[in-house]
Amino acid sequence: MSTTSSFVAAGQAFPHDVAETLRGDGSRPGLGRLEAAARRIRTGRRELAAWLRDLIADQAAVAEIAKRSYWHPNGFAKIVLHTSVEPEFRIRLHVWPRGETPSRGESNPHSHRWEFASYVLTGTGMHMVEFMETAEGGKPYRRYCYGMDPADPAALVTDGEVRLKRRGVPHVQGGDVYTCDTSIVHTVRPIDAGLTATVVVQGPRRTPTTVVYCEPGESDDQPNGELTGAEFVELVSELLPTLDSGAAR
């Protein structure tokens with residue numbers, strides 16, 4: 001049973017259907033089921049649109065979602081639409097507003113404490129670069145660990161100097177589903193400056209910490225920005241016509 005009040009308030013079955021896709025044999029959702037859930041979202045674009053309409057029409061849901069969401073320092077909105085304990089997962093909406101420069105994204109190489117599957121809902125697609133630490137070549141970075149400080153789990157704790165080299169440059173097109181596990185270190189940005197949005201199905205936490213890399217001289221102090229309820233409604237309202245069209249672009 002989901003613990004998210006937005007599901008109850010909106011009165012929609014869509015997040016319940018995603019949960020059923022993830023539930024499987026009752027074990028914690030793995031990467032395969034997360035991918036299946038993202039594909040379920042891709043085939044249910046109109047159902048997703050109906051759910052989003054119900055959410056933005058519900059003032060309590062808007063306030064709750066805005067409270068747990070934020071603007072990433074690189075200029076895109078990370079919106080947590082739904083959280084669930086059983087099975088443990090989140091549905092997140094990432095939105096890069098129209099007109100932002102295409103370089104805006106998650107520009108610091110980083111990994112994640114959880115696996116996820118993502119569906120490129122709207123836009124040309126996403127450009128990703130995957131990295132690995134190397135003893136020779138590459139570029140110098142300062143490594144930070146996220147989640148190491150018990151007094152402040154959100155703090156970045158410095159963990160030495162390393163060098164990174166590229167191991168791959170995958171591109172994901174509009175309408176595609178892609179997956180990511182906890183071993184991947186990457187950067188992510190939209191391919192162009194048009195309106196771009198992805199839906200992320202995030203699984204349970206697999207590791208207590210993760211890594212973030214900053215170039216020499218770059219500050220690790222990059223606070224998130226407040227996302228208001230009005231901004232959430234505006235972003236979703238701009239996305240809805242692209243969902244109604246039934247096309248990913």
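Two strands are taken to pair if DSSP finds at least two bridges between them, while helices (H or I, at least four residues) and strands (E, at least two) are DSSP runs numbered from the N terminus. The structure is a predicted model, in which local features need pLDDT of at least 70, side-chain atom pairs count only at pLDDT 80 or more, and totals for chains, interfaces and linings use all residues. Residues are numbered from 1 along each chain as its sequence is written, and side-chain values use heavy atoms, with hydrogens and water left out.

Six helices and 14 strands make up its assigned elements. Of its 249 residues, 48% count as buried, where buried means under 20% relative accessible area, exposed over 50% and partly exposed in between (1.4 Å probe, protein chains only). The chain exposes about 11200 Å², and carbon and sulfur atoms supply 51% of that area; accessible areas come from the Shrake-Rupley method with a 1.4 Å probe, and for residues only the protein chains shown count as cover. Among contacts (heavy atoms within 4.5 Å) between residues at least 6 apart in sequence, 80% join residues at least 24 apart.

Seven bridges join strand 5 (residues 114-122) to strand 12, and the two run antiparallel; here Tyr119 stands opposite Val199 of strand 12. Strand 3 is also antiparallel to strand 12, again through seven bridges, with His94 opposite Thr198 in strand 12. Nine of the 10 residues of strand 12 are buried, so this strand is largely enclosed by the rest of the structure. Strand 3 is likewise largely enclosed, because seven of its nine residues are buried. Strand 3 also runs antiparallel to strand 2, to which eight bridges join it, and these two strands form a hairpin with two residues between them. Within this pairing, Thr83 has Arg90 of strand 3 as its bridge partner.

Asn108 lies in strand 4 and counts as buried because its relative accessibility is 11%. Beyond residues up to four places away in sequence, Asn108 touches His186, Thr187, Val212, Tyr213, Cys214, Glu218 and Gln222. Val129, in strand 6 (residues 125-133), is buried as well, with a relative accessible area of 4%. Leaving aside neighbours within four places in sequence, the contacts of Val129 include Gly168, His186 and Thr187. The C-alpha atoms of Val129 and Gly168 are separated by 6.0 Å, although the two residues are 39 apart along the chain.

Finally, there is open space to consider. Rolling a probe the size of a water molecule over the atoms shows where empty space is left. The largest pocket has a volume of about 1200 Å³. Of the 36 residues that line this pocket, Tyr70, Lys78, Arg113, Tyr146 and Asn224 are the closest to its centre. On a 1 Å grid over the protein atoms alone, a cavity is a set of points where a 1.4 Å probe fits but cannot get out, whereas a pocket is an open set with protein on both sides within 12 Å along at least five of seven lines; lining residues have an atom within 4 Å of a point. Grid points are joined across faces, edges and corners, and a volume is the space filled by probe spheres set on the points. Strand 2 (77-85), strand 3 (88-96), strand 4 (106-110), strand 12 (196-205) and strand 13 (210-214) each supply at least two lining residues.
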